[in-house]
Number of protein chains: 2
Amino acid sequence: MGKRPGDAYVRIVRPFEDAFHRGSEEGGLVATERTVLDRRGPTAPLRRLRTWLIGRPIRSEREEHERLTKVKGLAIFSSDNISSSAYGPEEIMRVLALAGAGALSLTLPLAGLITIMLAIVTLSYRQTIKAYPKGASSYIVASDNLGSGAGILAAAALLIGYVVTVAVSVSAGVAAMTSIIPGIYGERVLISVGLVLLIMLGNLRGIRESGTIFMVPTYAYIVVMLAIVGYGVVRSVLGDVEPFVAPAGWAAVEAGGQALGLFLVLRAFSQGAVALTGVEAISDGVPAFKPPEWKNARTTLTWAAVVFATLFVGIAYLVTTIRIIPDPSEEQTVLSLLVRHLTGDGFVLVVAQVATALILVLAANTSFADFPRLSSFLARDDFLPRQFAYRGERLAFTTGIVALSLMAIGLLIGFEASVSGLIPLYTLGVFIAFTLSQGGMLVRWWRRREPGWRMGLAINGLGALTTLVVALVVGSSNFLQGSWLVIVLVPILMLLLLAIRGHYRDLDAALAVERVPEAGEVAPKPIVIVPIARLDRPALQAIAFANSISSEAVAVHVTNDPDTADAIRERWPDWARSTELVVVESPYRALIGPLLAYMDALQRQAPDRPILVVLAEFVPRHWWENLLHNQTALRLKLRLFSRRNTIVADVPYHPPRA
Amino acid sequence: MGKRPGDAYVRIVRPFEDAFHRGSEEGGLVATERTVLDRRGPTAPLRRLRTWLIGRPIRSEREEHERLTKVKGLAIFSSDNISSSAYGPEEIMRVLALAGAGALSLTLPLAGLITIMLAIVTLSYRQTIKAYPKGASSYIVASDNLGSGAGILAAAALLIGYVVTVAVSVSAGVAAMTSIIPGIYGERVLISVGLVLLIMLGNLRGIRESGTIFMVPTYAYIVVMLAIVGYGVVRSVLGDVEPFVAPAGWAAVEAGGQALGLFLVLRAFSQGAVALTGVEAISDGVPAFKPPEWKNARTTLTWAAVVFATLFVGIAYLVTTIRIIPDPSEEQTVLSLLVRHLTGDGFVLVVAQVATALILVLAANTSFADFPRLSSFLARDDFLPRQFAYRGERLAFTTGIVALSLMAIGLLIGFEASVSGLIPLYTLGVFIAFTLSQGGMLVRWWRRREPGWRMGLAINGLGALTTLVVALVVGSSNFLQGSWLVIVLVPILMLLLLAIRGHYRDLDAALAVERVPEAGEVAPKPIVIVPIARLDRPALQAIAFANSISSEAVAVHVTNDPDTADAIRERWPDWARSTELVVVESPYRALIGPLLAYMDALQRQAPDRPILVVLAEFVPRHWWENLLHNQTALRLKLRLFSRRNTIVADVPYHPPRA
């Protein structure tokens, strides 16, 4: 006690071998990659499979090297936003079409309105990003300025939104494929699930690699679509395009069935507002950019908004002037009808559809960047289990990525991968978060009154008002179509987050150490007992261990058969002469109950001393052999685990290798 | 070391409190009922439910008091045999009816033939019982005289036979009920399963109580049926009974479709031979009788055969002379048709059917007495897992009873509780066992040549020949109907039994202690390490325990966050001054890999010493809180369990009760 280690001792305790470096602190060890990769025994093949799938581990210090340029940032964080131009106009049209083909002329004005809103929100978020360069998630902005209640409301809304984003994007991507290959329509759920798993794997490989994977489709879509829209607009202005003629089967659409009331227009607007949902992504991900983070993020946000607006308004203009009608069977997308109408059934159509399908599927990746980061923030603040804050071997938040994938797969199966079915779940959550974030900025400007605060206040105020109105419109007009589900789920999720934090807080209070132990204070030595079933090598090994740590270990043999008890008593003096043997006969044949009663009786003799139960355990060569062993040991361990003042030591006996 | 305990020490080690008595051996303890019944903590309600369901535990010494009188023995072991009179004739008739109503006149001759066989087998088994008063199971007789191969062949055949017995008896009992309440025919599988569970529960309560439960139905059936058959025979001899007139819908049966060849007659005989299957039961159960066991068992066997033969031949005589035809829909049994024909649709019919239903259902109980006993013999000889040899709290073989119930339920569901579907599975196994048992007796007489051996040899020889012929007839004539399944399953089960014994034998050899340890020999002291995640009460408790058993315990903190490492380093000198702290930084963020690598490095410094890993574990108040904790500890324990020379001590921390 109180020893200061000499050199030899330090060599034993801190073995500086190949597996470790010396740390910067005196006497610390730093693990090398070998400690993670070198694995023997039954799990080694799993280790190799894992390394093959997601790559070798990455050191924590490399995090900065894994940061994103603006070009990659646009690909990772804006694919969600930009890709909504592919289905946004269609979703507006599908609602308007309920009032007949004539109502479709409202598509362009609604698209224009949504674009103006996007401009407001983008300006507003540029300010948020500057104010929160370490991550401008709505959760952080709302917690910081409006209190933690608003924060977790935003968090719950966003978490749900991210899950739906994955399901919607993948469904829309698969819909773009089925437009050109109708034969796979029946398998769309299976294909969607497979794609989510692929994206999950890509993300488990780490953020920079996923940037590379996802760059190509985003830029391919931008280039191809800008070209097609430009070509179409030029031809349309020149009066060179025939109006669209719907196939005979679509007559029901042309006629419509409902009156074109305000409610229908609001619903159409709500469906289109989905296009704004991508804005939060970049703000959430500010720390993932190369420094200066906030400047790069802001610029990327502006680029994304401009590209999206151009495509969105361009497509809306074209479908309105050409008078395209949505396919009632959902087998062909409006975008594919448009491209086919402009360029025919040829090469361009295939290129456009492939690019669309890819960007849509990969738009899901935005959520894979944001959901795990948001859950790591939440876990850091004790609102989620701590695994969510743990970066895996590739610096990715493994738990969040896997959780997101599983929930999105559940949604895809539940909604049969239908875009129109999923969208009502989508928009509301995101707009609640928008409103809280900008409301938070409003309070911040007001409190701080930094230079330029009046302008900032005006911009964020306008943004907050706009998104609040949209949230109300979306929540009420889509209530029956699905936003009721979000209104139910958000409070449940909030309660869950609060319950988890309550648990951790209670626990921290209960486990905190209250007083520094005295210098001479030593814990009482444990009473050591070794239950033995028979006299074999595992039992002798356990007794030897018990004797090596205690001079008064007791072997206990509980038996329902007096004959075996006599046999053990007879051989005992030879085998374990220095160890006391207690034989407990159990005329009711139970083994665990009498052992526990014996421990209780011992405990009453020495209430302060813990009881250490040393269990001999046989480790079988094959897992199935466990069926023939260890049943009693397992039940005993479960019972002992809940007994106070009890320590269980497992002494595994490995049979010699054959 | 080498101490001789003084009085105080013995009081501590052998606390003679309420929970224990002094044992007969010096210093032994004998557990009282309290050790089994007194239970606190989360499992206490389960304990109370169990005591309510199956009763308080019974002491081992009471086994003899639980023995059976001849009257109870007949009820327990002969309900199978006697109850087959209810369906035996019908099963013969159903096969004969394939050749038309005319062929049914063969029912009586076949029944007579089967009765003669029964007489031979009964005589033969009376000798077996006398020779094996401790249990004349075919498994024991065949192992003893023909070698262990023949023994496990008999055992496998019997085990399968017992499972089928349960399914057949319960199905037949439910069929007797549906004859008078056709409305429940659709629910017969559910009802059958429920009945099996009830019988299981009754048997878990112990053998004597089940004797009492089962006495009433057996004797009710015997009395009621003897009366009805006597009444019918008298009326028939007086010429007072009209012939049976089949309803119009049964015309197909009257005509038949197949020719009445030898094969059909053999199949009819095979179906009827099911009536003999109950004979083995009493021989198996000899030790369950009050002393003198073998005399009581023999007398019971003879009674059972006489009662069965009277009913079987009587019923066959009546259905033949009255010319009853089996109901092609299986909704009414032949026996119910007979009783209705003799006594009308009234009170007697209901009484007869209820008695039949009860004895048939309870006939399953014969297997519940025999299967667990046979499996305990097999487990004692290492052919089955040892749990099968363990008598539960009520002296019943719990594992065998539960296993039998589950397998029988599987059969009932698989065969939709159809008697005719199950019977082909049934007879073959039992007759294989019969043949081996009597063949074994043959060899025994020949080897021993005790007084009277010639007579004994003749009787057992005739018995063996008879049952061998039946086994061949049954196996071949029913091959396609289901005995192929038995022919496939028996060898598979034999291989399983042999594999289990092989495993136990290998293990015993591997674990046997080869040499007596030397007097001064002491195991090397373990290297003690305490992995800690943070400085809280569980961690301090684990460190205190480690220090109480070792003067050089080392605390290890593996961290992916240099900041928390610094915080721990700073507080360490105050909190755990005498314990060495090693901080392992993990730049790849893995926690388990670096810890194992550290242990490997330590091990190389001291290859002979085991490593004791002391784990602080938090015991949550509610089970679901485990989802928020202990994930890493669980994974670590699994990995450590497979590491050689490693001992894991769990130090659970229970938060103070609120």
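**Note on salt bridges in the predicted model**

1. In this predicted model, the side chains of A:D508 and B:R534 form a salt bridge, at 3.1 Å from N to O. A salt bridge here is a side-chain nitrogen of Lys or Arg within 4 Å of a carboxyl oxygen of Asp or Glu. The pair joins two chains, because A:D508 lies in helix 19 (residues 479-511) of chain A and B:R534 in the loop between strand 3 (527-531) and helix 20 (537-549) of chain B. Helices (H or I, at least four residues) and strands (E, at least two) are DSSP runs, numbered from the N terminus.

2. A:D508 is partly exposed, at 26% relative accessible area, and B:R534 is partly exposed at 32%. Buried means under 20%, exposed over 50%, and partly exposed in between (1.4 Å probe, protein chains only).

3. A:D508 and B:R534 also belong to a network of salt bridges with A:D382, A:R386 and B:D536.

4. Within chain B, the side chains of B:E617 and B:K637 meet in a salt bridge of 2.5 Å, N to O. B:E617 sits in strand 6 (residues 611-618) and B:K637 in helix 23 (residues 631-641), 20 residues apart. B:E617 is buried, with a relative accessible area of 4%.

5. B:K637 has a salt bridge with B:D650 as well (3.2 Å, N to O). B:D650 is in strand 7 (residues 646-653), 13 residues from B:K637. B:D650 is buried, at 9% relative accessible area.

6. Over all chains, the count is 27 salt bridges.

7. Residues are numbered from 1 along each chain as its sequence is written, and chains are lettered from A in the order in which they are written. Local features need pLDDT of at least 70, side-chain atom pairs count only at pLDDT 80 or more, and side-chain values use heavy atoms, leaving out hydrogens and water.
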